[in-house]
Amino acid sequence: MQLESGGGEYRECDVLVIGGGPAGSTIAPLLVEKGYRVVLLEKSRHPRFHIGESLLPANLPLFERLGVAGEVRAIGMEKWAAEFVSPQHPMPQTFHFADAWDKSMPYAYQVKRAEFDAILIRNAARKGVEVHEGCKAKAVDFLPDNSVRVRARQENGRELEWKARFVVDASGRDTFLANRFQIKHRNPRHNSSAVYGHFAGASRSAGQAEGNITIFWFEHGWFWFIPMQGDVTSVGMVTWPYFMKTRGQRSIERFLHDGIAFCPALAMRLKEARLINPVEATGNFSYVSERTHGSNYLLLGDAYAFIDPVFSSGVLLAMHSGLIGAETIDTCLRRPDEAAAALKHFDHLMQHGPKQFSWFIYRVTNPIMRDFFMGPKNIFRVKEALLSVLAGDIFGKTPIWRSLRMFKLLYYFANAIQPRRAFMGWRRRRFNIRRVDDPALNATP
């Protein structure tokens, strides 16, 4: 519907979604299924490059729900396990998803995000979402009648305007609403930056293990090694701000290669490899917003918070937020008397995912936790529960929580009987995450 306003022509819809990544392309078609008129604005045009290529087994039921399982399977490299390599331990440790508590999700995929995200947004358009690519949201006004007006600009400069009953921020690290509300903050408990690129010719494991993700720890952080189809391997260095500052006048590409040299196990895997795309970087990697919602808006996925990609949780948290977001909006619009309870439940679920992953992320650099990862025992089924977390199985009914509590108790006990080692690990982490005044960290894309 098009109407005339004081500022010119504008359109109406029920829900306007800002961002066409995994979160936005999940919630939009689910809302159309429920009978709503949904508009999705995506500033880029798909396919476009993006990191976050490693998916989790818990993503697979979401692909089935959206009807894209076959398309994702066609572009995916099967990932049956996650491997961890530590310079302080003689042997790698491989976690097979088939050994998790729930044995029904034994694998996931590694995907080129350009292809994966294109599948999701094209699916949204097929399902009836009004998709506008190359259209960037520029301003938002929350009106007295509890509606929302969003202004956007197309690539050709044309201005568009919509009036919606509900707005969804799925803009990822652009954090459209959080920035405008000034509610986005650097995560005080974590601080890292990333430098990454795609390589051809990297050495991979044989057989079924070819698609496994490998995490290489090194003195200044960790690397991801993500094999994908077509002899493409994503390699990224996640490191602390103090180390990023040592880049000086070196190019980002040179800095990545020099960082790889600090990690001999990874350097061997890349001995015959070559870069096939420009190296990119991002600073201020970890942040959180003060809230997940208002009476007529939701923040999904990275638009709400981002912690660290060490457990490949980003796409799962984004898509799951779209799933629960669709149910929340449906309740708010159809049964307004239940809106407060629905939004409270949404808030709980949005915080649940980052909370479960972050407990491990904040401690994974501790040498005692590193020992737990590199030599896991299944006493009280704690290894199965840990594998369930690594698989993303944290939102269903799998009864992992008692075993996870036991894992944490064992960890705290190990710290108590090794106080000096625990203190040194804590002090080192405090040093690592300290804020560093380096404009280059904010300038990198």
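1. Helices (H or I, at least four residues) and strands (E, at least two) are DSSP runs numbered from the N terminus. The buried residues of helix 12 are V382, E384, A385, L386, L387, S388, V389 and L390, and what covers them includes strand 5 (81–85), strand 6, helix 10, helix 11 and helix 13 (401–416). After helix 12 comes G392, whose phi is positive, near 85°.

2. On the basis of the values: this is a predicted model, in which local features need pLDDT of at least 70 and side-chain atom pairs count only at pLDDT 80 or more, while totals for chains, interfaces and linings use all residues. Residues are numbered from 1 along each chain as its sequence is written, and side-chain values use heavy atoms, with hydrogens and water left out.

3. Helix 9 (residues 314–334) and helix 10 (residues 339–361) pack at an angle of about 170°, with their axes 8 Å apart; axes are lines fitted to C-alpha atoms, for helices over the stretch in contact, and angles run from 0 to 180 degrees between N-to-C directions. The two helices are therefore roughly antiparallel to each other, a term for angles over 145 degrees, where under 35 is roughly parallel, 65 to 115 roughly perpendicular and the rest oblique. In this contact (heavy atoms within 4.5 Å), residues of helix 9 including L317, I324 and T328 meet residues of helix 10, among them L343, F346 and M350. The contact residues divide into 11 nonpolar, 5 polar and no charged, where Ala, Val, Leu, Ile, Met, Phe, Trp, Tyr, Cys and Pro count as nonpolar, Asp, Glu, Lys and Arg as charged, and the others, Gly among them, as polar.

4. Rings of Phe, Tyr and Trp (its six-membered ring) pair if their centres lie within 6.5 Å, and planes under 30 degrees apart count as stacked, over 60 as edge-to-face and the rest as tilted; by this rule there are 29 aromatic pairs. One of them is the edge-to-face pair of F95 and F373, at 6.0 Å centre to centre and 70° between the planes. This pair links distant parts of the chain, with F95 in strand 6 (residues 93–96) and F373 in helix 11 (residues 367–374), 278 residues apart. F95 is buried at 1% relative accessibility, and F373 is buried at 0%.

5. One aromatic cluster is formed by W359, F360, F372, F407, Y411 and Y412. The charged end of K408 sits over the ring of W359, 5.0 Å from its centre; such a charge is NZ of Lys or CZ of Arg within 6 Å of the ring centre and within 35 degrees of the ring normal. Elsewhere, R269 lies over the face of F225, at 4.3 Å from the ring centre.

6. Some backbone details deserve a look, given that most residues other than glycine have a negative phi, and most peptide bonds are trans. T175, which is not a glycine, has a positive phi of about 40° and is buried, with a relative accessible area of 0%. F380, also not a glycine, has a positive phi of about 60°; F380 lies in the loop between helix 11 and helix 12 and is partly exposed at 47%. A cis peptide bond, with omega about 0°, joins H46 and P47.

How values were computed
Buried means under 20% relative accessible area, exposed over 50%, partly exposed in between (1.4 Å probe, protein chains only).
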